[in-house]
Every structure is written in structure tokens, then in C-alpha cells.
Amino acid sequence: MKIALIAMSGIRCCDAELLELGLTLPGFVERSKTIASLPSLGLLTLAGMTPAGHQVDYIEMPDLANMNNLDTDYDLVGISSYSAQINEAYELALHFKKASVPVVIGGPHVTALPDEALEFCDSAAVGQGESVWPEILNDCRRGVLRPVYGSVERDYDLACSPMPKFELLDISKYNRLTVQTSRGCPHKCDFCASSVMLTGKYNQKPPQKVLAEIDRIKQIWQKPFIEFADDNTFVNKQYWKPLLKDLKHRRIKWFAESDLSVSEDTEMLDLMRESGCAQILIGLESPTIEPLDGIDLNSNWKYKYFDKYAEAIHKIQSHGITVNGCFILGMERQGPEIFDKVFEFVKAAGLYEVQITIMTPFPGTELYRKLDAENRLIEKQNWEKCTLFDLNFIPSHMSVDQLETGFKKLAEKIYSKYFTNWRREQFKKQFRRGGD
Ligand code: SF4
């Protein structure tokens with residue numbers, strides 16, 4: 001069969017003023033830009049498990065401007081998309097369906113709303129793609145595609161992971177590539193729309209497979225920058241310590257997302273630094289404790305850890321690893337004072353990098369269900385607003401206008417040239433002092 005695997009890519013933001021700010025303030029939408037420019041590891045993995053004999057094309061679609069130039073002589077089209085681009089993914093699916101090409105769509109959005117997707121495509125892939133792809137290929141070849149494949153309950157053991165087909169990429173287009181070591185997260189934040197949507201378990205890939213993927217990348221990019229595409233990378237420190245020692249010999253630079261518990265293990269921090277860790281991104285969420293209460297539905301971990309936030313950031317940065325601290329604005333119990341509180345916290349902690357986003361009710365999350373039940377969603381199914389920068393709910397302790405205006409003013413302050421340089425200097429000082 002001739003198969004197209006299409007990733008909806010590119011950054012989205014409905015608020016024109018914010019979009020303008022993002023263009024003028026380096027740092028503001030930096031993380032979103034980085035994510036938007038990563039290749040789709042999910043689709044490269046499906047390509048890697050597609051038996052030889054099929055032809056696979058990997059295509060990234062930043063928008064639909066060139067949709068009509070796409071070949072339509074495929075036997076199957078697989079589309080992966082997040083919520084913000086899902087309407088474009090649906091339009092693309094209809095484009096292929098009109099040409100009688102079978103279309104399957106997957107990803108977290110479709111996992112949450114398979115029935116919605118089925119209005120536009122032949123099949124919805126729910127949960128982890130690898131667990132259903134061989135069946136989809138087989139059924140497509142026989143012309144008997146079913147509407148829904150998979151479920152969140154269906155396990156997939158990462159020990160069986162195929163090698164992603166990195167060689168499909170034009171490497172000159174990327175400044176980092178992704179490798180996944182785990183799926184899931186032991187915390188279960190009510191707003192989280194990452195791999196916790198696809199699986200209820202925390203599952204890790206055997207270290208030999210991780211190293212093999214990095215070695216494969218090094219065949220096409222000698223000194224790569226790797227982003228570990230995990231939601232919470234260092235949950236299992238015993239898994240990571242030997243792996244970090246092996247990574248050290250690969251001479252790569254890398255980035256990961258973690259919770260703050262990594263700060264408690266000095267040996268880990270030393271190994272991370274020695275093996276090329278450039279930055280870790282940490283969801284701090286709020287600089288005040290009240291909004292954290294109850295967001296982690298498993299153990300209230302962030303709420304309990306709050307007292308150690310500043311000390312933990314200092315410890316990590318004093319090991320030469322920059323921290324990108326993420327804050328969500330508009331959380332429950334955050335009032336208009338929150339904007340100054342975020343700024344004060346960032347300043348006191350000397351955070352090297354900061355990411356601020358607006359609380360976003362993604363479909364399928366507990367947050368969405370709660371706000372829906374309380375009649376606080378502004379446009380229930382406006383998925384285009386799931387950008388992390390567009391407000392689509394009524395906040396609990398401020399007005400819509402206060403949140404939107406306060407967010408823009410905070411962005412101007414936090415990403416100003418002066419404050420950005422100041423943050424960089426603070427990091428250097430912490431590193432020089434070595435955590436005293
Ligand atoms: S800690 Fe991060 S990855 Fe884990 S559930 Fe919360 S938001 Fe998601």
C-alpha cells in the first residue's frame with residue numbers, strides 16, 4: 001500500500017494581540033514554537049512498525065494552504081493532531097475522503113472524542129497508536145476498516161517499541177529530535193492532556209532501546225539535541241542513573257520534562273549535567289499554594305511539595321542545569337493578585353526560563369468535565385481555543401477581562417529584554433556558587 005502519515009504542525013493562537021506579543025517578545029511562545037517544530041514521534045514510530053513492502057510518506061502540515069497540492073493516490077492516510085488544529089485535520093480528512101482515500105485519525109483529541117472524529121474520517125485510533133496500527137493496516141488492505149480501533153485501557157508494552165523511522169526526516173529542518181523513554185505520569189493533574197490521556201499506566205522503554213534510538217539519530221545528525229518526549233521523565237531514578245552514564249559517552253545535549261523530586265538526588269543531578277542535560281521543564285503551575293490543592297487527583301503531590309519549590313529550583317540550577325518553570329494563569333482560586341505573585345516568585349527563585357500559559361480545558365480532562373458541569377465553558381466545542389494562550393472559560397476568582405489583560409501585562413514584564421537578561425545572570429550566579 002502507499003500510505004501518507006500526516007502531522008498537523010505549527011503554532012496556533014486566536015488572540016491577535018497575543019500573537020503580536022509572541023512575535024515581539026522572544027521567550028513568550030518559545031516553548032510552543034519548539035513543540036510545533038518537532039517532528040511527530042508518534043507517526044515516525046508507526047512508520048517504523050509498518051512492514052517493508054508498503055511505501056510510507058511522512059508529511060507535516062503547518063496549515064492547509066497547500067492542501068490541494070497533496071497527492072491523493074494513497075491507499076491509506078493517517079493523521080495525527082492536537083485539539084487546536086483538529087478542525088484543520090478534519091478538513092484534510094474530508095479532502096482525502098472526497099478522493100476515496102480511507103482516512104484514520106489519532107492522538108489525544110480523537111482519543112477523547114472518537115465519535116466527533118468519525119463525522120470526518122473512516123476510523124478513529126483511540127489510545128496508543130502502536131497497539132492498533134498493525135490491525136488498521138491489515139483491515140485497510142482487505143477493505144474492511146472499522147470505525148474505532150483501540151481504547152485507553154488497551155496496554156502497549158514499550159519493550160516492544162519499533163525503531164522510529166527518523167530517516168524519513170529532512171534533518172536540516174529541525175533543531176531538536178525526540179526520543180521517548182516513558183508514557184504516563186504517576187501524578188494525574190486535572191488539566192493534563194498529555195500521554196496520561198492515552199494510557200492509565202506509567203510505562204518505560206528498556207534503556208537499550210532508548211540508546212539504540214539515540215545511536216540511530218546520530219547516524220543522521222552527529223551532535224544532536226534530543227528532547228525526551230516524556231511527560232515526567234525522572235520518576236524512576238534507578239532506571240535513569242545507569243542510562244545517564246551511557247548517555248555521557250554519546251556526547252549529546254538534551255532536554256526533559258520532570259517534577260521537582262529530581263532535585264532531591266545529588267548524584268542524579270551530577271549525572272544529568274555530565275551527560276549533557278541543558279534544561280528541564282517543570283510544571284510549577286502556581287506561585288501560591290491554594291490553587292494547587294486538589295489538582296493532582298492521585299496524591300496532591302504538587303500541593304504537598306509547594307514549600308520546597310524555591311529550594312529545589314536553586315539546587316537544580318546550582319548544578320548547571322537551567323530550569324524552565326511553567327505557570328498556569330486562571331487556575332481555580334487565583335485572583336488578580338496572581339500576576340504580581342508569579343513575577344515575584346520568578347524573581348526570587350532566579351528561574352532561568354519561564355513559561356506562562358492560560359488554563360485550558362482540553363476535551364477529555366477532569367478540568368473540562370468540571371467547568372462544563374459548572375456551566376463555565378465559554379464556547380464548549382471551540383477547540384481552536386485549546387492553544388494554551390486563548391481563554392475559553394470563566395475564571396473562579398477574577399473576570400475574563402482581568403485574566404486576559406493581566407496575562408498580557410505579565411508577559412510584557414517577564415519576557416522584557418531587561419528581565420530576561422537579569423534571569424540569565426541569576427542562573428550564572430547560582431551555578432558559580434554551586435548551591436551554597
Ligand atoms: S505532572 Fe505534568 S505530566 Fe504529570 S499529570 Fe501533571 S501535568 Fe501531566
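Modeller: Happy to! Two strands count as paired if DSSP finds at least two bridges between them; strands (E, at least two residues) and helices (H or I, at least four) are DSSP runs, numbered from the N terminus. This is a predicted model, in which local features need pLDDT of at least 70 and side-chain atom pairs count only at pLDDT 80 or more, while totals for chains, interfaces and linings use all residues. Residues are numbered from 1 along each chain as its sequence is written, and side-chain values use heavy atoms, leaving out hydrogens and water.

The part I'd pick is strand β3, residues 76–80. On one side, 5 bridges join β3 to strand β1 (residues 2–8), and the two run parallel. Within that pairing, alanine 4 stands opposite valine 77, and isoleucine 6 faces isoleucine 79. Strand β4 (residues 103–106) is also a partner of β3, again in the parallel sense, over 4 bridges.

How enclosed is β3? Because 4 of its 5 residues are buried (under 20% relative accessible area; over 50% is exposed, in between is partly exposed; 1.4 Å probe, protein chains only), β3 is largely enclosed by the rest of the structure. From β3, helix α4 (residues 86–98) and then β4 complete a right-handed β-α-β unit. Right-handed here means that, with the strands pointing away from the viewer, the path from the first strand over the helix to the second runs clockwise.

Stepping back, β3 belongs to an open sheet of 6 strands with parallel pairing, in the order β2-β1-β3-β4-β5-β6. At its edges stand β2 (55–61) and β6 (148–149), each with a single partner strand, so one side of each has no neighbour in the sheet.

Now for the wider setting. The chain is divided into domain 1 (2–149) and domain 2 (176–433), with bounds from an automatic or database domain assignment. Their centres, taken over C-alpha atoms, are 25 Å apart. Domain 1 gives 32 residues to the contact and domain 2 gives 33, where contact means heavy atoms within 4.5 Å.

Glutamine 355 is buried, at 11% relative accessible area. Apart from neighbours within four places in sequence, its contacts include Arg31, Asn324, Phe327 and Tyr415.

There are also two backbone details to check. Most residues other than glycine have a negative phi. Glutamate 285, in strand β12 (residues 277–285), has a positive phi of about 70° and is buried at 5% relative accessibility. Arginine 333 has a positive phi of about 75°; this residue lies in the loop between β13 (322–329) and α13 (338–349) and is partly exposed at 40%.

Around it, with a heavy atom within 4 Å, are Cys185, His187, Lys188, Cys189, Phe191, Cys192, Ser194, Asp231 and Lys302. That shell has 4 nonpolar, 2 polar and 3 charged residues, counting Ala, Val, Leu, Ile, Met, Phe, Trp, Tyr, Cys and Pro as nonpolar, Asp, Glu, Lys and Arg as charged, and the others, Gly among them, as polar.
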